[in-house]
Amino acid sequence: MLIPGRVFSFLSLLVLAGVIFGEMWRAKRGFRHEIRKIPALEGLEEGIGRATEMGRPIHFSAGVTALTTARAPDILASLEYLSYVASRCASMGTKLIATVAQGDTYAATEEVVRSAYLRQGAADKLPADAVRFLGSEQYVYASGITGILTKEKVATNIMIGRWADETLFVSEAGHMAGCFQIGGTNNPYQIPFFVVICNYVLLGDELFAGSAYLSQDPMELGAVAGQDFGKAVAAVLIVIGSVLAALNIPFLANLLKG
Amino acid sequence: MATRISRAVLLVAGLGVTLDFFLKFPPLNTAISTIMAWIPLIVSFSVIIGGINVVLIHKDNIAKKKREWLYSLVLLAFFAITLFVGLTQGVSSETYNVLYYRILVVCGNSLSGILAFFIASSAFRAFRANNLEAALLLVAGAAVMLGQVPFGVLLWKGFPALSDWIMNYPNLAAQRGILIASGVGFMAVSLRLIFGYSKIQGSSE
């Protein structure tokens, strides 16, 4: 019944799910997980405060990827940041501009922003053009953002999600426009550009821990603890696998292929 | 109520697609193939919503004569022309191809070309040895660049090999570390979402 070659992956998923839900259950029963300080997330508050003081807008983008692709978790993680940023903008009266490149992402983004303003009791303050669809072509989208950053004098540019070739184009335009910039992606080819240009960067899997960090919700912190367990197991397997491969013992490699 | 229904749909669809990847069970595999075939349909509808958003925003720019409203006019004109040509002549017609390949793609490629200058300006800022990490970046970056250009070989024949070693060992190891950790994060986010523990679900409740 299990497809050959996917048995180990299936078991890994079951174990990881068990650990994540186990940690969430512990958190529900009162155990408090600690999370290390993530500078980029502290920077998020700094960026929102800067825009508020300057009376200028905040721009948020999750990149060009669609929700209906295998990269959807990046976009979903990004929407959790957007939910936080929109809530803060609603409560502080700061203008938010969220741009999207895909139709399906547009629907989700609009819902997240609208819900955040509703939660803050500021639905009437939500501008009609807060969420903008710019087009799904990579450079159409990138040039659209560039125009917004410069014309609307954006104070803070937040680029958290799945970023590809447009990374450098958008972030360098943001730098030239004098924006305070926060970047975040787990695309290893684009991280260097963010590191070079942005004020703060979420590196790799930090992207998936942000929601828990910002909310300090015990259940979400529990999920992050479970996630960390998965990473620790992967690290141990890498070390053991390297040693066994050096000794020409294919046991672990065969197990992973099973 | 609507949120509960959407959560139930998400749970069933999420678990179904996940199990479909691992199990050979024809009733499930057929059902999931059918559901997956709905995706283009849903995406098409959402693109229409996006298109309406574009029209509304730029119509407003023109009506209120906002800054650079002429660009909005050009955008709406091309939007209308492309839509008209696509609907009347089809997306394979010569006119549509002119609009797409001779205008849109060319403009995109031109913007892509600007990246070379952006790389130069960002590299200029990055390659300043302010601290140990920046100094290492500077040395590694310089070695990789010199390994990729003929001038580097003239300076020292070992640059290509050094460049390859940096790219294939330290660089690749770091990239794989990021990918593996992200993979675990992927699973965690997906599980939280499928089982209804994500902050973005039911946020309007």
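The model is predicted, so local features need pLDDT of at least 70 and side-chain atom pairs count only at pLDDT 80 or more, while totals for chains, interfaces and linings use all residues. Residues are numbered from 1 along each chain as its sequence is written, and chains are lettered from A and ligands numbered from 1 in the order in which they are written.

I begin with chain B. Its secondary structure comes to seven helices and zero strands. Helices here are DSSP runs of H or I with at least four residues, strands are runs of E with at least two, and both are numbered from the N terminus. The radius of gyration of chain B is 26 Å, well over the 17 Å that the globule rule gives for 205 residues, so chain B is more spread out than a compact globule. That radius is taken over C-alpha atoms, and the rule is 2.2 Å times the number of residues to the power 0.38. Along its principal axes, the C-alpha trace spans about 65 × 50 × 35 Å.

How much of chain B is buried? Buried residues make up 11% of its 205 residues. A residue is buried if 20 or more other C-beta atoms lie within 10 Å of its own, exposed if 12 or fewer, and partly exposed in between, with C-beta atoms placed from the backbone.

Chain B is divided into domain 1 (1-65) and domain 2 (129-205), with bounds that come from an automatic or database domain assignment. The C-alpha centres of these two domains lie 32 Å apart.

One residue of chain B has a backbone angle to point out. Glu68(B) is not a glycine, yet its phi is positive, near 55 degrees. Glu68(B) sits in the loop between helix 2 and helix 3 (69-89), and it counts as exposed, with 10 C-beta neighbours inside 10 Å.

Next, the contact between the chains. It takes 50 residues from chain B and 55 residues from chain A, where two residues are in contact if their C-beta atoms, placed from the backbone, lie within 7 Å. Which helix of chain B gives the most to the side that touches chain A? Helix 7 of chain B does, with 16 residues.

Now chain A, starting with helix 5 (residues 138-151). This helix has 14 residues and reaches 20 Å from its first C-alpha to its last, close to the 20 Å expected at 1.5 Å a residue; the expected span is 1.5 Å times one less than the number of residues. Its buried residues include Tyr139(A), Tyr141(A) and Leu149(A). What covers the buried residues of this helix includes strand 4 (156-162) and helix 6 (166-176) of chain A, together with helix 4 of chain B. After helix 5 comes Lys153(A), whose phi is positive, near 50 degrees.

Strand 5 of chain A, residues 180-185, has six of its six residues buried, so it is largely enclosed by the rest of the structure. Phe180(A), Ile182(A) and Gly184(A) point one way from this strand, and Gln181(A), Gly183(A) and Thr185(A) the other way. In a regular strand, side chains alternate between the two faces of the sheet. Strand 4 and strand 5 of chain A run parallel and are joined by five bridges; two strands pair if DSSP finds at least two bridges between them. Among the partners, Met159(A) is bridged to Gly183(A) in strand 5 of chain A.
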